[in-house]
Every structure is written in C-alpha cells, then in structure tokens.
Amino acid sequence: MSTPVLEVDDVHREYPGSPPVKALNGVDLTVDAGEMLAVVGPSGSGKSTLLNIMGTLDRPTSGRLVIEGVDTSTLSDRRLSGLRSARLGFVFQSFHLLETLSALDNVATGLLYRGVSGRKRRSMAQKALESVGLGDRLQTRPTKLSGGQRQRVAIARAIVAEPALVLADEPTGNLDTATGDGIVDLLRDLNQDGATIVVITHDADLAGQLPRQVEVRDGLIR
Amino acid sequence: MNWRSKLRFRDLVGTSFLGLRSRRGRTALTALGIAIGIASMVAVVGISASSKAALLAELDAYGTNLLEVSPSSSGLAVEPLPLDAQPMLARVDAVETASAVSKTNLEVRRNVNDSSIAGVTAMGADPELFTTLRMTMATGRPLDDGLGSLPVAVLGEVAAIRLGIHDLSGGPTVSIDGHNFEVIGVLDELPLNPDISRTVIVGDTAAVEILGIKPNPTSVYLRVTPEEMATTRPLLKPTANPDRPAKVNVSRPSDFLEARAEVDRNLQNLLLALGGVALLVGGVGIANVMVISVLERRGEIGLRRAVGATRGHIRSQFVLEAGLLSGLGGVLGVLLGSAITIGYARRQDWVIDLPPFALAAGIGAALVIGMLAGLYPAAKAARLDPALAVSGGT
C-alpha cells in the first residue's frame with residue numbers, strides 16, 4: 001500500500017483569547033493519491049482552519065500533519081515553504097492574482113520560488129494555461145478577464161508545479177452557479193488526469209458532485 | 001526529501017521592481033523626497049567644487065608668485081618704506097619685477113564742485129605696475145612711462161562704477177584734491193588686489209609733482225620666480241628696510257583668495273547638513289509608505305507565502321523594494337543636482353566641476369537609506385501570518 005499524500009492525525013487548533021477558541025478538536029483525515037474530496041461544513045465549523053493546517057499555512061496546537069510520509073511539525077519555516085512550493089497548490093475564493101501581471105506571468109509566479117529560470121517558468125505556465133482552456137489569453141491581465149477566467153488562471157497557477165495535492169478554498173464562492181459548475185468540471189477533469197484535490201466548501205450541492213465528502217462540524221469530522 | 005525554496009537573485013530584483021511598477025504615482029512621489037535631499041547635497045558639493053576650480057583657474061591666471069611688501073601696520077606709528085626700497089628689491093636675484101605704489105587718502109570726485117564722497121582714493125604708481133599686476137583694460141589704455149608725469153588717470157573697476165564713468169566718450173575727467181585728471185582707461189576686475197580696484201591710479205611723477213604727496217612708496221609689488229619663492233621671501237624684509245626689517249610686512253595676495261575658499265567651507269557644511277536632513281525626512285517617508293504598502297498587500301504576501309516564499313524571501317523583497325525606490329530618487333537627485341550645478345556654474349562663468357565621487361556617493365547613500373528605511377516594514381511583512389494574509393480578502 002502506498003503512502004497517503006496527506007494524513008491529519010488527532011489535530012487540535014486553539015486560538016488564544018478569553019475564553020480560547022477551539023477551532024479543531026481532534027481531527028483525523030487521510031487523503032490518498034488520486035483522490036478528490038470535499039470538506040464541507042457551515043461557516044465557523046473549522047473547515048478553513050483545517051485547510052490552512054493541511055496547507056501548512058497554520059500549525060496545529062497539537063497533533064500531527066504528515067505529508068507524503070513526512071511529519072511537518074518539526075520542519076522549519078524554510079522547509080515548510082519549500083514543501084508548499086514543491087508539493088502543494090492553492091486555489092483561493094478571491095483568486096489572489098497580481099493585477100499588474102499578465103495571466104501567463106501570474107501562473108509563472110507558482111514556480112517563482114522553485115529556482116526555475118524565467119523561460120522555463122513561462123513555458124510551463126503556458127502549458128498549464130492551455131490545460132485550463134486559456135491558451136488564447138496568455139498576455140491578458142486579470143482585470144480584463146471574467147471571474148471564471150480569473151479562477152481558471154488561479155487553478156493553472158496551483159497546478160503548474162505539478163503538486164502532490166491541490167487545496168481549493170471555496171473556489172466557486174465568488175462565482176455565479178453556471179460559472180462555478182464550469183470550475184468544478186475543470187477540477188474533476190484535472191483529477192481524472194491524476195491530480196489529488198481537496199475542495200473546501202459550505203455548498204452541499206457542490207460537495208455532492210465529488211466522489212468523497214467529509215463533513216466538519218464544531219471542529220470535528222462527523 | 002529535497003523540499004527547498006529558492007528565489008534567484010534576478011527574480012528577487014524583478015519582484016521588487018514589480019512592486020514599484022504597480023504603484024507608479026506613489027513611487028514617483030516617494031522617490032521625489034529622496035531626490036530633493038540628494039539633489040541639494042550634490043548641488044552643494046558640485047557648486048563649491050566648481051567655485052573652487054574657478055578660483056584656482058583665477059589664481060593660475062593672476063599667479064601665486066605675487067608679493068606685496070608694505071610697512072608693518074602693527075603699533076601706532078606706521079613707518080613708511082625707505083625711498084630706495086623699490087630699486088633695492090628689484091636687485092634681488094629671484095625678483096622679476098618690482099613696482100612701487102603710493103596709496104593716498106585723497107578723495108577722488110567727479111568734478112571740483114561735487115561734494116559727495118564716493119569712497120574712491122587716489123594712488124600714485126610706477127607705470128610698470130600694470131605689468132607686475134597683470135592688469136588688463138576694460139577700456140582705454142594703461143599708463144606708460146611717457147604719461148607718468150601728465151594729469152591723466154586710470155580707474156579701477158570699482159572706482160569707475162562708484163564715480164559713474166562707464167566709457168571714455170566725451171573725455172571724462174576726475175577731480176583729485178582740486179586738480180583735474182583726464183581719464184584714459186578703466187581696468188578689468190583685479191581679484192588679487194581688490195584694494196587697487198577701488199582706487200584711481202595716476203603716474204608716480206604726477207602724484208608727487210601735481211598732488212604733492214611724499215615720494216616714499218606705501219607698497220612695493222613683486223613678481224618672484226615661483227621656484228625660488230620660499231628662499232627669497234625671508235630676504236625681502238631686510239632688503240626693503242635694512243635698518244628696521246621688523247617694520248616691514250610681506251604678504252601674498254593670493255593667500256587671501258585661498259582663505260576665502262576656506263571660509264566658504266563652513267557654509268558648505270551647513271548646506272550639506274540641511275541636505276542630510278532632507279534625506280532623513282525622505283527616508284522616514286519611505287518607511288511610512290512601505291508600512292502602508294505592506295498593509296495593503298497582505299493578499300499578495302499571503303499568496304507568495306502559499307506558493308513557497310520563505311519569510312526571508314518576503315523580507316528581502318521589501319527591503320530591496322525600498323532600496324530601489326530610494327535609489328531611483330538618488331539617480332533623480334544626482335541628475336537634478338548636476339543640472340543645478342551646471343546651470344549655476346554657467347551663469348557664474350565657472351569651470352564645471354562635478355566630482356564623480358559625489359555622484360556615486362549620492363546614489364549609494366540613497367540606496368542605503370532606502371534599505372534601512374525598508375527594514376522595519378519588511379520585518380512586518382515577513383512576520384505576517386500566512387493563513388490570515390490569504391484570508392484577508394483581495
């Protein structure tokens with residue numbers, strides 16, 4: 001049996017305050033290579049905290065996060081950053097595109113911290129943009145793109161480094177239903193081609209379209 | 001496991017430039033603050049260097065080998081130089097020329113009925129003085145041996161202005177102690193001898209015969225072979241007045257001109273300090289703008305962290321961005337300061353001297369100040385919690 005891409009092992013996350021806010025209360029979750037799953041829950045359920053911890057943007061208060069067999073709790077900022085650049089891809093609800101860069105350069109930013117040459121970054125970015133159906137918009141700036149196209153650029157940026165895991169946080173949250181469906185279809189296509197994808201959403205309909213659903217409520221997986 | 005973040009240096013520079021390019025108006029205004037500081041410092045250094053270069057050129061033209069031998073003015077009684085001081089001094093080997101003058105207190109007026117006082121006095125001079133002092137004429141001609149006993153006069157530049165005589169048309173005359181003298185020429189500026197510029201020069205013979213002044217010289221001007229300046233100078237006092245060498249004063253007029261350059265240095269330091277203050281204010285401005293920038297760019301910072309930037313990468317990006325911003329101001333300031341120097345030097349008819357060191361230092365100082373100013377905002381950016389930054393909206 002192969003090593004899972006990601007293992008969340010009894011993870012707790014508490015935010016200091018009076019009283020302290022317990023966002024996660026002992027979450028266990030395993031994601032295998034090639035899987036596509038939805039983490040679904042209402043706002044305040046802890047699903048965003050879970051995403052941040054799975055993406056190593058936040059650290060658990062206790063418990064372990066293992067990525068490709070490596071326990072991340074002992075890794076330095078430098079190592080964690082390296083792990084994100086090589087093995088993780090992020091898609092955000094609000095896209096986080098740089099407005100002064102073309103679509104191509106935005107996607108190439110996904111490789112900026114890999115030490116890859118500019119020429120190589122651009123050629124890989126072009127392939128990624130073609131795979132999300134934006135091969136004809138390479139030089140267009142995000143401000144000239146529709147919401148759905150912007151999210152496609154962001155998805156291309158997430159997959160350009162061929163990560164082990166793509167984490168998508170409410171990827172359709174800023175889009176109308178039809179456009180959102182297109183984005184879900186795209187993610188499913190990418191999954192068909194081998195990408196492991198976790199989608200965080202509060203939308204049960206969207207979650208229902210994915211092969212596996214995990215429900216988070218009050219900091220626990222139900 | 002070989003998970004390491006790596007940002008190439010050229011990509012770091014490109015990323016920092018991107019931040020500046022994305023906010024052009026703000027970049028220009030912030031850089032302007034630094035530019036003003038650098039420009040003022042470059043202009044101060046450039047203008048004083050050009051002024052000094054001009055002074056040295058002037059010194060070259062008038063020579064540093066001119067000496068003035070005069071009675072020592074210490075004590076109450078001024079003992080005049082002996083009558084034969086000039087021929088004695090002329091006999092010293094290294095002395096090329098020696099010209100005696102007799103400065104007087106006689107007021108020079110436009111005409112005999114004029115009661116106003118222009119502050120112009122008369123001076124009797126050996127016609128050879130024109131050669132010794134390398135005088136040039138603004139208009140007319142100098143005194144010569146044939147004119148030395150006639151009632152004719154040459155006006156110093158300042159004297160001519162004070163007397164209101166601008167040219168020789170209509171045959172102007174001046175009145176000295178009730179005697180009319182015809183003006184035959186006006187001198188150019190005399191940087192080494194501003195006192196002579198304020199006098200009206202008449203022939204030495206005419207001074208004695210017409211004005212009735214004592215024939216003792218009040219000063220003897222000497223040109224000395226430059227190489228023998230040091231050895232000759234000590235000989236001059238006993239030669240001019242063998243009986244009372246202590247009553248003789250030997251000075252070098254070019255020393256005063258050089259001293260003037262030294263006096264200017266205080267002003268230069270003051271102006272440099274003011275430029276430094278402007279630079280500091282500019283640096284604080286950069287820090288300010290960068291702090292705001294970091295707050296506005298939380299999303300970008302979060303995104304960069306998500307795609308693999310380390311804290312160090314974020315810090316470097318912002319420090320370099322501040323440095324480049326300031327460096328841009330430095331380049332602008334050096335150009336502006338050079339333009340001011342060139343414009344000013346042209347107006348003053350100076351040689352343009354822009355020390356390359358000052359230009360390089362201007363840009364270097366701007367870079368360093370910018371990077372120092374960027375340290376705090378960069379640290380703030382690097383400390384930003386990536387989870388909060390990505391969720392903080394666009």
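In this predicted model, the axes of helices α11(B) and α12(B), the latter spanning residues 356-383 of chain B, come within 6 Å and cross at roughly 150°. Because of that angle, α11(B) is roughly antiparallel to α12(B). The crossing in which α11(B) passes α12(B) is right-handed. Sorted by class, the contact between α11(B) and α12(B) holds 21 nonpolar residues, together with ten polar and three charged ones.

Helix α11 also takes part in the meeting of the two chains. Here 28 residues of chain B are in contact with 28 residues of chain A. On the side of chain B that touches chain A, at least two residues each are supplied by α1 (9-21), α10 (298-306), α11 (311-347) and α13 (386-391) of chain B. The largest share of this side, five residues, belongs to α10(B). Its make-up by class is eleven nonpolar, nine polar and eight charged residues.

Turning to the strands of chain B, β1 (residues 66-71) has five of its six residues buried, so the rest of the structure largely encloses this strand. Strand β1(B) has antiparallel pairings with two strands. With β9(B), residues 219-224, β1(B) is joined by four bridges, the two strands running antiparallel; in this pairing, B:L66 stands opposite B:R223. With β10(B), residues 248-251, β1(B) again pairs in the antiparallel sense over four bridges, and here B:S70 is found opposite B:N249.

Methods: Residues are numbered from 1 along each chain as its sequence is written. Chains are lettered from A and ligands numbered from 1 in the order in which they are written. This is a predicted model: local features need pLDDT of at least 70, side-chain atom pairs count only at pLDDT 80 or more; totals for chains, interfaces and linings use all residues. Two residues are in contact if their C-beta atoms, placed from the backbone, lie within 7 Å. Ala, Val, Leu, Ile, Met, Phe, Trp, Tyr, Cys and Pro count as nonpolar, Asp, Glu, Lys and Arg as charged, and the others, Gly among them, as polar. A residue is buried if 20 or more other C-beta atoms lie within 10 Å of its own, exposed if 12 or fewer, and partly exposed in between; C-beta atoms are placed from the backbone. Two strands pair if DSSP finds at least two bridges between them. Axes are lines fitted to C-alpha atoms, for helices over the stretch in contact, and angles run from 0 to 180 degrees between N-to-C directions. Angles under 35 degrees count as roughly parallel, over 145 as roughly antiparallel, 65 to 115 as roughly perpendicular and the rest as oblique. A crossing is left-handed if the near helix is turned anticlockwise from the far one by less than a right angle, and right-handed if clockwise.
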